[in-house]
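User: Hey, I've just opened this one and I'm new to it. Can you walk me through some of the strands and a helix?

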Amino acid sequence: MIRRSARTALATAACGAVLAGGLAACGTVQQLNAADKVSKAFETFGSGKSFSAKLSVDATPAQIEAFGAATGEEIDKDSAAALAAVSLSVAFSADKPLKDIQPTKGSGNGAATAADPSVSASYTLTGKGGAPLLELRQVGGKAYARGDLAGFAKLVGENAAEVEGLAEGLPAALGNALKGQWVSFDAKALESTGGTGGAGGAATPAPTLDPKAAENLNASLKGILTRDLSFEDKGKQDGKERITVTAPARKLADDLLKAVEPLAKDIPNLAELPKSAPSKVPDRPLALDLYLDGGALSAVTFDLAQLEEKAGPGTPLPLRISFGHDTPAVQAPAGATELATEDINGLFGELAAAGGGAGGADGPAAPLTDAQIKELTRDGAMNEEQVRLYNSLGLGYQDIKDLADLKA
């Protein structure tokens, strides 16, 4: 039950972030004061040398349970507590403004562009009290990782002693990494591991857009955002300026699909996109609240109850993305144990052997058929290479479909 709730929450967060983020390019909304404030707030993104964002459900366990009861999706006590406690944070830092960072070409296998190695990044999944459950960092071309398998089990109401046995049989360093100790490895070694084996061979070159087509798309998006979005200044709330952005959900989705349709011939999988908004997209206005602090965007909130017709006014379920500007630079953790390439290969082997999906816990997932691969890449959320990689790591058709639904 928590799986469906979490997937819905994260997918909505992604949609909300894209909707809000598009305003950064919309310089024609100056006719409204509120829109002007929003446009200027997004212009500050990337002007500093560091940036952070935190995604969380801004509700109590009781509110989450009430939302489930109102919508017919029973959310048990443990799942509600987990959703209320968990958060996902990302942070980036560099020695120059982030907006000036240019992508660098990956290794010579035609892979898509990689991040500038001068940029440091961190990804942290936290639970109750802010305790880290999973941390990933990349600093100076080296990657660092650690997790708390027992803590994650407790968060979702499972027996910690049972899941700790999953670390047995792994190399010592990897087993310790699942118990909260840092390990480090060359990020390129991980990339090369992911690009071999059952991943479908060498990566396909990233598609490129004709400059004129990109210019036309940018103009179309500006026009759509100008026409479809409305802004209302709601005054101060907790010391922050609150501005509500409203858009007709189905019309906005239809307009965005029409804008990208001309690019279908140049970008793989775009041709599989629907010609109009799917029926699950509500045919009503949806609202997003933006909070500004000193002119900079500090948070975005979106009430998931807007997506559920059964949810009444008394059952809100707000999702929140908090932003930080000029945050402390991402640092390499001290005392990390270096992993050898064979350890990384061993980890992927263990994942494949223990994979779920059609293969179950006693073996790797069943290979995907051509029809299944076509279906999984239909909406463009994943390409064939990604699908084959997930399958080689032990994920079955349904598992990959769930990931694709989240990305979409």
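Predicted model: local features only at pLDDT ≥ 70, side-chain atom pairs only at ≥ 80, totals over all residues.

User: How many bridges join S8 to S9, and which way do they run?

Analyst: Eight bridges join S8, residues 240–248, to S9, residues 285–293, and the two run antiparallel. One spot to look at is Ile-243, which sits opposite Leu-290 of S9.

User: And how many bridges join S9 to S10?

Analyst: Five, again with the strands antiparallel, and S10 covers residues 296–303. Tyr-291 faces Ala-299 of S10 there.

User: What about the hairpin of S9 and S10, how many residues are between the strands?

Analyst: Two, and Gly-294 in that hairpin has a positive phi near 65 degrees.

User: Switching topic: do S6 and S12 pair in the parallel or antiparallel sense?

Analyst: Parallel, over two bridges, with S12 being residues 337–338. Ser-184 is opposite Glu-338 of S12. S6 also pairs with S5, residues 142–147, but in the antiparallel sense and over four bridges. In that pairing, Ala-143 has Phe-185 of S6 as its bridge partner.

User: OK, now the helix. Which residues of H4 are buried?

Analyst: In H4, residues 77–85, the buried ones are Ser-79, Ala-80, Ala-82 and Leu-83. Looking down the axis of H4, they fall within an arc of 160 degrees, so they line one face of the helix.

User: What does Asp-76 reach at the start of H4?

Analyst: One of its side-chain oxygens comes to within 3.1 Å of the backbone nitrogen of Asp-78.

Key. Residues numbered from 1 in each chain as written. Heavy atoms only, no water. Pairing = 2+ DSSP bridges. Buried < 20%, exposed > 50% of the residue type's maximum accessible area, 1.4 Å probe, protein only. Arc of directions from axis to C-beta. Polar contact = N/O pair within 3.5 Å; in protein donor to acceptor, adjacent residues only side chain to side chain.
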